Amino acid sequence: MQLEYQGKSALIIASSQGLGKAIAKKLAEQGVNVMISSRDEEKLKQVKNELERTAKGKIQYKACDIKNKEDIKLLVETTVSELGSIDLLVNNAGGPPAGTFEEMTDDDWQHSFELNLLSYIRITREVLPYMKKNGGKIVNIASSSVKEPIPGLILSNTFRTGIVGLTKTLATEFAPYHILINTVAPGRIATDRVAFLDEKAAEKQGVSRDVIEEKIKNAIPLGRYGEPEEFANYVAFLLSDANSYMTGQTLLIDGGLIKSI
Ligand SMILES: NC(=O)c1ccc[n+]([C@@H]2O[C@H](COP(=O)([O-])OP(=O)(O)OC[C@H]3O[C@@H](n4cnc5c(N)ncnc54)[C@H](OP(=O)(O)O)[C@@H]3O)[C@@H](O)[C@H]2O)c1
């Protein structure tokens, strides 16, 4: 199936590496005009150059700390002035600190609330007025923790389920404007974040990272971690014209890791 986007413009949050970058690359290759963003301007400049090698659409970048409300407003305004509109939005963020309930302080909770949930709310609030004019699509990146809490990731387990509730509610409220909103829930996609989590688990258990990886791969029916490019394919579909009737859903992209129905 050929995915169509008809000259659309996309804002991809937290896209200097990992899942966000893979999505930006995939969309740009399909001719979508893309705004990439994260906190590190130098890194964004490099990623823009890299993506431009295969892009058919325009690539712009703007640094933004998504914990900062004013930064978000400026990012959305800049995207609209540089790309003309925002038809597609991917909400994404850095991962929250790892740890159990007893290890987390109020500061950790506040940080993760602002980074992993409030940022999605604020970005969506800024973007919706533009999408209400011509319709649009939003994909919110969460985690497989929304289906099965992950031991030692209390902050993810708590705030990502908020993303699911937000997505489902907004999907209903904004369907009359032809805005389709879905959540994607990655299991184990090979990025720096996952390498960091495996390293942490290895330290805690006093074993090597290879041992941890092997254990996790054994729990994944497809027997391996996913690649960011594979993950990006599903998001690209959700954002494409081909997705015309699915909204409010949570899609696990996990190689079969989560066993619940
Ligand atoms: N990979 C997986 O399998 C997996 C599984 C479950 C959940 N997730 C979640 O999905 C999200 C993306 O995962 P990933 O693996 O791509 O993570 P990653 O490789 O760590 O990338 C995180 C991105 O977020 C940006 N970022 C961090 N803090 C930011 C802030 N305050 N403002 C703006 N940008 C910020 C980072 O850039 P700067 O540091 O330069 O700002 C980077 O571009 C994370 O929340 C992760 O926990 C991933």
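Which residue forms a salt bridge with K25? The close-ups below, taken from a predicted model, begin with that pair.

**View 1. K25 and E29 pair up within helix α1.** The partner of K25 is E29, and the closest N and O atoms of this salt bridge are 2.7 Å apart. Both residues belong to helix α1 (residues 18-29), where a spacing of four residues amounts to about one turn of the helix. K25 is partly exposed, at 32% relative accessibility, and E29 is partly exposed too, with a relative accessible area of 22%.

**View 2. K48 meets E52 in helix α2.** Here the side chains form a salt bridge with an N to O distance of 2.9 Å. Helix α2 (residues 41-52) holds both partners, four residues apart, or about one turn of the helix. K48 has a relative accessible area of 17%, so this lysine counts as buried, the cut-off being under 20%. E52, by contrast, is partly exposed at 36%.

**View 3. E126 and K73 bridge two helices.** The side chains of E126 and K73 meet in a salt bridge at 3.7 Å, N to O. E126 sits in helix α4 (residues 106-134) and K73 in helix α3 (residues 69-83), so their pairing ties together parts that are 53 residues apart in sequence. Both ends are partly exposed: E126 has 21% relative accessibility, and K73 has 30%.

**View 4. Four residues share one salt-bridge network.** Across the model, the count comes to twelve salt bridges.

Terms used: Residues are numbered from 1 along each chain as its sequence is written. This is a predicted model: local features need pLDDT of at least 70, side-chain atom pairs count only at pLDDT 80 or more; totals for chains, interfaces and linings use all residues. Side-chain values use heavy atoms; hydrogens and water are left out. Buried means under 20% relative accessible area, exposed over 50%, partly exposed in between (1.4 Å probe, protein chains only).
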